[in-house]
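Hi everyone, thanks for coming. Let's have a look at this one together.

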Amino acid sequence: MNTSFRRALSRAVFSFAAALAVVPAMAAVDIQHWVTPNGARVYFVESHVLPILDTQVDFDAGAARDPVGRKGVAALTQGMLDAGAGGLDEDALAEKLSDLGAQLAGVVDNDRAGVSLRTLSNPREREGALALLHTLLTKPEFPAAVLEREKARMIAGLKEADTKPDSIGAKRFARALYGDHPYGRTATVESVSAIVRDDLLNHYRVHYVAPRAVVSIVGDVTRTQAEAIALQLTGDLPAGEPLAPLPAVTMPQATTERIAHPANQSHIFVGQPVMRRGDPDFFPLQVGNYILGGGGFVSRLTKEVREKRGYAYSVYSYFNPQRQPGPFQIGLQTQRSQAADALKVVDETLAGFMAKGPTDEELRAAKRNLVDGYSLRLDSNRKLLESLAVIGFYGLPLDWLNKFPERVQAVTAAQVREAFQRRLSADNMVRVIVAGD
Amino acid sequence: MDLRRFSNGIALCGLLAATLLLASPARANPYEMKLDNGLRVIVKEDHRAPVAMHMVWYRVGAMDETDGTTGVAHLLEHLMFKGTKTLKAGEFNKIVAGLGGSDNAFTSHDYTAYFQRVPAVALPRMIKLEADRMRNLLIDKDEFERELKVVMEERRLRTDDQPQAQVYEQLMATTFNAHPYRRPVIGWMNDLENLRPEDARAWYHRWYAPNNAYVVVVGDVDHKQVFDLVKKAYGGMKVEPLPVRKITAEPPQTGERRIVVKAPAELPQLLMAWKVPHLKDVEHDREPYALEVLAGILDGHAASRLPRNLVRGSQIATEVGANYDSTSRGEATFMLGGTPARGKSVAELEAALRAEVRRIADEGVSAEELERIKTLTVASQIYKRDSTYVQAMEIGRLEAAGYRWQDEDLMLDKVRSVTAEEVQSVARKYFGDDTLNVAVLDPQPVDPNAKPRPRPAGLRH
């Protein structure tokens with residue numbers, strides 16, 4: 001059935017940030033944390049309401065760790081964990097997983113690579129599914145024939161993406177923001193073609209190691225069982241060697257790139273690198289962004305670009321904090337003939353917000369949404385798992401969720417304005433326009 | 001066609017997300033009530049978190065439109081946020097956000113629905129807001145004009161600049177000559193250009209009435225309190241006469257149809273649709289359940305046949321998918337599709353996909369495959385309970401398509417009772433040449449300096 005959604009919810013990244021909001025109405029989230037003997041960090045929320053267990057294991061093995069010229073290694077390594085492991089081929093692994101009714105999903109971004117598993121918590125299903133996850137994490141085989149096939153599929157996907165204005169724009173935007181920094185490089189036909197099996201073996205050996213493993217567990221097991229699960233999943237992982245930190249990000253000079261394309265709509269990207277995870281300006285910037293372009297239908301950008309002028313179906317802004325300063329990004333798509341007009345509205349909206357900050361009424365409304373909506377953002381095991389994984393991977397304090405409401409409440413209009421003025425600058429603002437007239 | 005969505009076991013979600021028998025002792029839950037004016041309320045209590053999912057569903061969608069005004073159901077859905085006699089444009093969203101919630105709406109061929117996720121304490125306000133816009137919507141000319149532009153941008157974004165979406169749109173227009181599923185939900189661009197405020201007003205007055213709607217609430221609520229709130233908010237509304245629905249049945253297809261879509265892209269794409277039955281009699285039908293299981297065996301999970309044999313095995317494709325939804329108001333299709341691997345042709349992929357169905361027709365399916373589908377069915381029932389949204393959607397979708405939410409359990413049992421012989425039988429019966437429709441994306445080089453194709457001028461004035 002073809003369902004046409006009215007408006008795309010403002011973008012995964014805001015809901016991701018908002019997933020860390022907390023309201024006092026709900027009992028505090030009790031995160032239990034410990035470290036296994038070989039150094040894996042474990043985060044656990046016990047919940048017996050549903051007979052479900054969700055587990056995620058992440059490593060510092062994301063795309064930023066790709067070797068130079070071999071962009072794509074991290075994604076292929078993660079993607080091939082279930083392509084053959086522990087003497088079982090990919091079909092046998094898939095059958096086992098399906099016979100248990102379990103679900104496996106992969107996670108790869110700039111910083112992280114990992115696997116999440118959802119299973120029923122009955123001993124038979126749980127033990128079978130966890131044994132399977134253990135096999136994938138500790139005994140992957142990366143068969144050469146499967147690698148060739150997966151490379152071919154990835155290359156086909158890259159070629160297809162290179163015809164699409166949104167993909168073209170996103171790549172150019174990353175490049176313009178980060179240049180040669182690992183966050184600026186994306187996989188290409190050439191980089192994937194150059195990848196050999198040893199690259200995957202090496203990436204796995206260097207990065208899938210216990211001291212940089214983060215295990216998140218949510219659901220229907222006891223603490224004792226969770227401890228055993230964490231040991232089971234990570235006990236066989238090697239200690240590895242210390243890893244150099246990612247290089248620092250150099251701020252880009254303001255630039256506007258225009259890329260010709262025959263699409264009906266222009267795809268517009270505006271932004272700059274701003275914020276790391278754990279950044280002291282996190283709260284003023286996030287609360288401010290809710291008002292500017294993160295708050296979906298009630299944001300200033302939506303009001304100015306969509307509601308008042310009908311220029312776009314979707315317009316948004318977000319901060320995506322990462323290990324190194326992640327992007328602040330504004331995005332929209334509009335009929336190509338009005339791209340310049342729409343961009344002007346975006347520029348004026350951003351400039352106005354930076355100059356004057358939010359009104360008192362806007363700030364009150366933002367706080368009400370972020371604080372009172374806390375329960376909605378943690379109302380399922382799945383959402384809790386996502387929050388836990390972020391807290392664990394980036395080493396945020398264990399009371400991060402429970403302190404969230406008071407931190408939001410404490411933000412003042414002056415702090416928002418000051419943080420935006422200090423952290424964003426017209427001198428560093430990058431614009432990418434695909435298919436503008 | 002979004003292949004990812006296509007291959008993610010959508011085939012299963014129509015039926016396989018019913019209430020779990022073994023873990024749901026209180027069989028009274030959900031609870032249902034009907035007002036004298038015909039409005040029904042279905043409440044499922046779920047006390048894990050202090051939240052409520054509130055939905056209002058209207059039994060009207062794009063399939064109830066007529067030629068010349070396609071897209072009006074979806075545009076009206078947008079306009080429902082543009083103010084009532086007592087509420088300014090945009091205020092609905094503002095109130096929901098101010099209470100900590102989020103809201104949205106969606107339109108399909110079969111239905112139009114509105115929802116809010118809110119802290120449970122905000123539910124009374126949501127019920128009042130929805131009741132208000134069921135009766136008191138104002139469609140201002142300026143707001144209409146601006147929102148129409150937004151919808152046109154939505155069409156450009158989701159369809160006109162998406163070759164895969166164009167293939168789907170044109171395949172539906174080919175598969176159905178007469179039945180209204182031939183028209184896109186978002187509407188043809190030229191029809192959007194010709195829409196007027198009075199078209200939207202007429203749509204609203206024709207279809208938005210308590211006797212054409214139902215309320216679904218899932219969350220941390222007391223059903224009796226919800227019943228009282230709904231009574232208070234909607235009780236004074238009158239039953240409205242609803243138009244007779246004249247849904248054109250599709251005449252029998254008597255020969256295969258093939259179309260080509262040319263668009264800037266890198267990879268070709270294949271999408272095939274056969275006409276198959278949908279579920280009419282929950283108790284006595286057998287074939288729709290067998291078709292659901294067939295779709296699951298072909299493409300319902302990691303070990304299913306299409307990805308295993310065509311992506312991993314023969315490597316003829318980089319992506320493959322199967323899709324069938326037995327629970328729809330209108331006529332059903334069974335779709336197969338994919339993207340050929342480099343060096344393989346669309347024709348080879350077509351032959352390979354059809355060979356997979358033929359193999360089941362000739363040799364049947366194994367006991368293990370059948371058992372696997374049943375296992376996944378049970379598991380998905382439990383996983384569903386982690387989301388109030390998914391639970392509310394299940395209830396709403398079944399009701400929209402003309403079933404009752406109570407049918408969920410029976411449908412689940414029926415799927416689990418499907419035999420290997422029944423799967424083989426539908427594979428034999430429904431996949432012939434004469435009811436086949438094929439759409440192929442013929443990728444064109446992307447000329448950076450080309451301009452979009454001109455469309456015929458609209459009648460806009």
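Before anything else, when I say contact, I mean heavy atoms within 4.5 Å. This is a predicted model, so local features need pLDDT of at least 70 and side-chain atom pairs count only at pLDDT 80 or more, while totals for chains, interfaces and linings use all residues. Residues are numbered from 1 along each chain as its sequence is written, chains are lettered from A and ligands numbered from 1 in the order in which they are written, and side-chain values use heavy atoms, with hydrogens and water left out.

Let's start with K367(A), which sits in helix α13 (residues 360-372) of chain A. Helices (H or I, at least four residues) and strands (E, at least two) are DSSP runs, numbered from the N terminus. Leaving out residues up to four places away in sequence, K367(A) touches D372(A), V408(A), Q409(A) and V411(A). K367(A) is buried, and buried means under 20% relative accessible area, exposed over 50%, partly exposed in between, with a 1.4 Å probe and protein chains only.

Now over to chain B. Which residues of helix α17 (residues 420-429) of chain B are buried? They are A420(B), V423(B), Q424(B), V426(B) and A427(B). Looking down the axis of α17(B), these fall within an arc of 165 degrees, so they line one face of the helix; the arc is that of the directions from the helix axis to the C-beta atoms. They pack against α11 (287-299), α13 (346-363) and α14 (367-384) of chain B. The face turned away from the buried side of α17(B) carries the exposed residues E421(B), R428(B) and K429(B).

Key: Lys, Arg positive; Asp, Glu negative; His and termini not counted. Salt bridge = Lys/Arg side-chain N within 4 Å of Asp/Glu carboxyl O.
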